[in-house]
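Reader: I have a model with two chains open on my screen. Can you walk me through how to read its features?

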Amino acid sequence: MAWDRNQMAARAAQELEDGMYVNLGIGIPTLVANYVGDKDITLQSENGMLGMGPFPFEGEEDPDLINAGKQTITELARTSYFDSAMSFGMIRGGKIAAAILGAMEVAENGDLANWMIPGKLVKGMGGAMDLVAGVGRVIVVMDHTNKHGESKVLKECTLPLTGKGVVDRIITNLGVLDVVEGGLRIVECAEGVTEDDLRAATQATIV
Amino acid sequence: MKKVYGSAAEALDGLLQDGMLIAAGGFGLCGIPELLIDAIVDSGVKDLTVASNNAGVDGFGLGKLLDTRQIKKMMSSYVGENAEFMRQYLSGELELEFNPQGTLAERMRAGGAGIPGFYTKTGVGTQIAEGKEVKQFGGEDYILEEGIFADLAIVKAWKADTTGNCIFRKTARNFNPPAAMCGKVCVMEVEEIVEPGTLDPDHIHLPGIYVHRLIQGSHEKRIEQRTVRKREEA
């Protein structure tokens, strides 16, 4: 037993508080928007928009209105637009309260790797390095292990870093861990997962 | 002060040189200077370095300039959508300088604002920091990034008056203002050119001082990822 993608997204949504400006990454983080409920959350899209709305109805797509994943989206009453320099100014300047991002690897010191695998096709870091360097709180949402069953929560990252010591909280299919002095602290186990299960699946030091 | 030209080719006349650095606006295929890219393809100018967040897709946007091998080097943050790009890059025909997206935008903005370098915490402790000066401010490390001073900027806006005062539409603004600012010369294409006084001066996104040549044309505005929801879900 463990959380599925939607349960991980729902758990990540609990991290968000009323009034927050938030940036959601591609993949499971995108699903977080479905679980914010009544909370007043403003989503930033780093290509130059605050107040991102849902996908448009068929036939109402606007080529001038896309998100950072290049998907067609809509605006809301509160929406504002700005250029890329201002967009990353608010990211780097710490105005965005939190970013929820996917990852390939996270280390116990908060190092994050999510942009390249040497020897494989490299597409680029996009805005990920700016986000993790600048936003108030970095929350990683990912599977606890890779497809070979190996831990993605490590003592040290093996892949090139996106940011050094930047992750605050890790939400996986097995539970929730915080980056603290000396390693990771278990905050919560997923339904049907014990602390022993979580430790067994984690290479990083758990304090 | 004549800024309005009859075509993209006329607007670029005398501005193109082999080996030049061009800053291009756009994010993905949104807000890209389609008409100016086509005219640069037709000009045959080569060995270009292009600073642009993305590299278009196969056969559209900057992808057209890759198909014709006119680009020597790209300065970008994300290039995943282009098979020809990857082929040229992996075979060593094309140079690639990855820039974090915000660093690329700020390098353009800084260049346009006369700032040759700035310190940022983006990329500290990563491959991006290799070979760059590190300086501490308040006990934290920052790396030195350089402003981009482009020979030419090619950008796209929604509407402009004949003096180049312009407004962008929705997320098609993206890299266009910083790219425009960092060009020694900036050529802009718009969907509609209007007379001065038509646009509200309080609503101008980029003042005409940054725009040297201007054309009007129709745009394909291709959508890269068409995502919709069903009416029932509303």
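Reader: Let me start with contact. How many residues of chain B are in contact with chain A?

Author: This is a predicted model, so every value here is computed. Count the residues on each side of the interface. Here 49 residues of chain B are in contact with 48 residues of chain A.

Reader: How much area do chain B and chain A bury between them?

Author: Look at the total, then at the atoms behind it. Chain B and chain A bury about 4300 Å² between them. Carbon and sulfur atoms carry 60% of that area. Within chain B, the residues that lose the most area to chain A are B:Lys170, B:Thr171 and B:Arg229. Together they give 16% of what that side buries.

Reader: Now charge. How many salt bridges does the rule find across the interface of chain B and chain A?

Author: The rule finds six. One salt bridge joins the side chains of A:Glu61 and B:Arg226, at 3.0 Å from N to O.

Reader: And how many residue pairs are in polar contact between chain B and chain A?

Author: The count is 26 residue pairs, with both residues at pLDDT 80 or more.

Reader: Which elements give two or more residues to the side of chain B that touches chain A?

Author: Sort the touching residues by element. In chain B, the elements are α4 (83–90), α5 (101–112) and α6 (176–182). α5(B) gives the most, with six residues. Then sort by residue type. That side of chain B divides into 18 nonpolar, 18 polar and 13 charged residues.

Reader: Show me one residue at this interface. Which residues does A:Glu75 touch?

Author: A:Glu75 lies in strand β4 (residues 75–81) of chain A. Its relative accessibility is 37%, so A:Glu75 counts as partly exposed. Leaving out residues up to four places away in sequence, A:Glu75 touches A:Met49, A:Gly51, A:Leu65, A:Tyr81 and B:Lys170.

Reader: What do the side chains do there?

Author: The side chain of A:Glu75 makes a polar contact with that of A:Tyr81, at 2.4 Å. Another polar contact, of 3.0 Å, joins the side chains of A:Glu75 and B:Lys170. B:Lys170 is also among the residues of chain B that lose the most area to chain A.

Reader: Is B:Thr120 buried or exposed?

Author: B:Thr120 is buried, with a relative accessible area of 1%. It sits in strand β5 (residues 117–120) of chain B. A polar atom of the B:Thr120 side chain lies 3.1 Å from the backbone nitrogen of B:Thr122. Not counting residues up to four places away in sequence, B:Thr120 touches B:Thr103, B:Tyr142, B:Ile143 and B:Glu145, and also A:Arg92 from chain A.

Reader: Last, cysteines. How many disulfides are there over all chains?

Author: A disulfide is a covalent bond between the sulfur atoms of two cysteines. By the rule, the count over all chains comes to zero. Take B:Cys166, which is in no disulfide. The nearest cysteine sulfur belongs to B:Cys186.

Reader: Is B:Cys166 buried or exposed?

Author: B:Cys166 is buried, with a relative accessible area of 0%. B:Cys186 also counts as buried, at 0% relative accessibility.

Methods. Residues numbered from 1 in each chain as written. Chains lettered and ligands numbered in written order. Predicted model: local features only at pLDDT ≥ 70, side-chain atom pairs only at ≥ 80, totals over all residues. Heavy atoms only, no water. Contact = heavy atoms within 4.5 Å. Buried area = accessible area lost by both parts, 1.4 Å probe. Salt bridge = Lys/Arg side-chain N within 4 Å of Asp/Glu carboxyl O. Polar contact = N/O pair within 3.5 Å; in protein donor to acceptor, adjacent residues only side chain to side chain. Helix = DSSP H or I, 4+ residues; strand = E, 2+ residues; numbered from the N terminus. Nonpolar A, V, L, I, M, F, W, Y, C, P; charged D, E, K, R; others polar. Disulfide = S-S within 2.5 Å. Buried < 20%, exposed > 50% of the residue type's maximum accessible area, 1.4 Å probe, protein only.
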